[in-house]
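Here are my notes for your first look at this protein. Keep the model open as you read, and check each point against it.

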Amino acid sequence: MTDDERTCSSSSCRPDAGPQPVGLRALPRPVAVVVGGGGVLGAAQVGVGWALEQRGFVPELIIGTSVGAIAAAHPGKAAPWLDRVWTQARRREVFPFGYLSSRAGICADRGLRRLIARAELPSRIEQLEIPFAAVATDLATGDQVLLDHGDLESALLAGAAVPGVLPPVEREGRTLVDGGVIAYVPVRAALQAGAASVLVLSTGPASCPLRPIVPPLRAGAVAARAGQLLWHHQIERDLHDVSEQIPTVVLPTGIEAWPAPWDFGHSHRLIETACLEAGRFLDGLRISGPGLYRVDGSPAASAGLGRARTASAAEVGR
């Protein structure tokens with residue numbers, strides 16, 4: 001553990017909530033928090049959640065996956081619970097192989113059901129303290145489905161149903177799978193729901209700047225690289241389109257070495273690193289109208305597509 005991580009564990013990521021930085025106060029309301037996909041990589045989202053909670057920030061809308069629902073149910077105090085979940089979880093508990101609930105997935109969803117049960121969530125989406133919508137994909141039509149009412153458990157299971165890994169969810173006559181199939185970071189859904197600005201909690205290699213690599217030769221590596229390219233370009237397109245209309249803030253995680261999505265052994269490192277990095281960014285954030293606010297050196301932002309902008313080191317107080 002680095003010196004920065006020890007500081008984060010002991011004080012900087014665990015203080016009482018304080019005043020919001022200028023950037024957060026300047027965001028047009030309502031503000032939506034958008035939670036991208038990522039499996040165990042969601043531990044980095046927990047770190048970003050710590051940074052937001054310590055600054056007293058509560059959004060008006062949350063769109064995304066199960067992490068978002070827990071924040072919607074427990075505004076201002078979800079991060080401590082999620083911290084314990086991610087650091088204590090194990091792959092066999094969340095993704096239990098060898099016990100097929102159906103032929104539609106290599107894992108059963110009983111592990112996710114247990115996590116949802118432990119989160120002390122209400123039974124219906126309408127009962128959450130903060131409005132929440134899970135994003136899923138209709139497997140028959142390919143349509144994006146926004147689940148903003150009705151049974152909460154089935155909505156969370158649908159939003160997390162990675163095709164082939166977890167079984168699809170039957171809900172209201174539709175067969176639903178993970179919304180990340182068509183919207184890995186569902187900022188468009190936030191705009192459609194009426195958000196005047198968005199904070200994006202995206203994680204994983206697909207959210208990072210693309211760097212040239214030596215083309216892989218093995219089938220698995222080729223497929224993984226192709227998937228990363230697909231998700232990356234989808235994310236960039238959606239971010240730039242939405243940022244032309246409203247302030248779109250992508251909170252950094254500072255993660256350079258990402259583990260496999262099912263490897264829970266790195267959760268502590270992801271949480272601590274993301275908490276520190278996001279906190280530094282938030283403390284220096286300045287909002288000046290629609291645009292894309294982030295620190296990642298992406299070629300798209302550097303090229304000035306649309307009204308996108310990449311925050312400079314000075315803008316984030318570093």
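This is a predicted model: local features need pLDDT of at least 70, side-chain atom pairs count only at pLDDT 80 or more; totals for chains, interfaces and linings use all residues.

1. Next, the overall make-up. The protein has 318 residues, and 52% of them count as buried. Its secondary structure comes to twelve helices and nine strands.

2. Now look at contacts along the chain.

3. Turn to helix packing. Two packed helices are described by the angle between their axes and the distance between the axes. Find helix H3 (residues 43-54) and helix H11 (residues 267-284). Their axes cross at roughly 40° and come within 7 Å. Angles under 35 degrees count as roughly parallel, and 65 to 115 as roughly perpendicular. H3 and H11 are therefore oblique to each other. The crossing of H3 past H11 is right-handed.

4. Which residues of H3 and H11 meet? On the H3 side they include Ala43, Val46, Gly47, Trp50 and Leu52. On the H11 side, Leu270, Ile271, Ala274, Cys275 and Leu282 are among them. By class, this contact of H3 with H11 has 13 nonpolar and four polar residues, with no charged ones.

5. The second pair is helix H7 (residues 110-118) and helix H8 (residues 152-159). Here the axes lie 11 Å apart, at an angle of about 135°. Only angles over 145 degrees count as roughly antiparallel. H7 and H8 are therefore oblique to each other. H7 passes H8 in a right-handed crossing.

6. What makes the contact between H7 and H8? H7 brings Leu112, Arg113 and Ile116, while H8 brings Glu153, Leu156 and Leu157. Sorted by class, the contact of H7 with H8 holds four nonpolar residues, two charged ones and no polar ones.

7. Last, the cores. The largest nonpolar core has 55 residues. Which of them touch the most other members? They are Leu52, Leu121, Phe132, Leu147, Leu199, Val249 and Leu251. Leu52 also belongs to the H3 side of the contact with H11.

Methods. Residues are numbered from 1 along each chain as its sequence is written. Side-chain values use heavy atoms; hydrogens and water are left out. Axes are lines fitted to C-alpha atoms, for helices over the stretch in contact, and angles run from 0 to 180 degrees between N-to-C directions. Helices (H or I, at least four residues) and strands (E, at least two) are DSSP runs, numbered from the N terminus. A crossing is left-handed if the near helix is turned anticlockwise from the far one by less than a right angle, and right-handed if clockwise. Contact means heavy atoms within 4.5 Å. Ala, Val, Leu, Ile, Met, Phe, Trp, Tyr, Cys and Pro count as nonpolar, Asp, Glu, Lys and Arg as charged, and the others, Gly among them, as polar. A nonpolar core is a set of buried Ala, Val, Leu, Ile, Met, Phe, Trp, Tyr and Cys residues joined through side-chain atoms within 4.5 Å. Buried means under 20% relative accessible area, exposed over 50%, partly exposed in between (1.4 Å probe, protein chains only).
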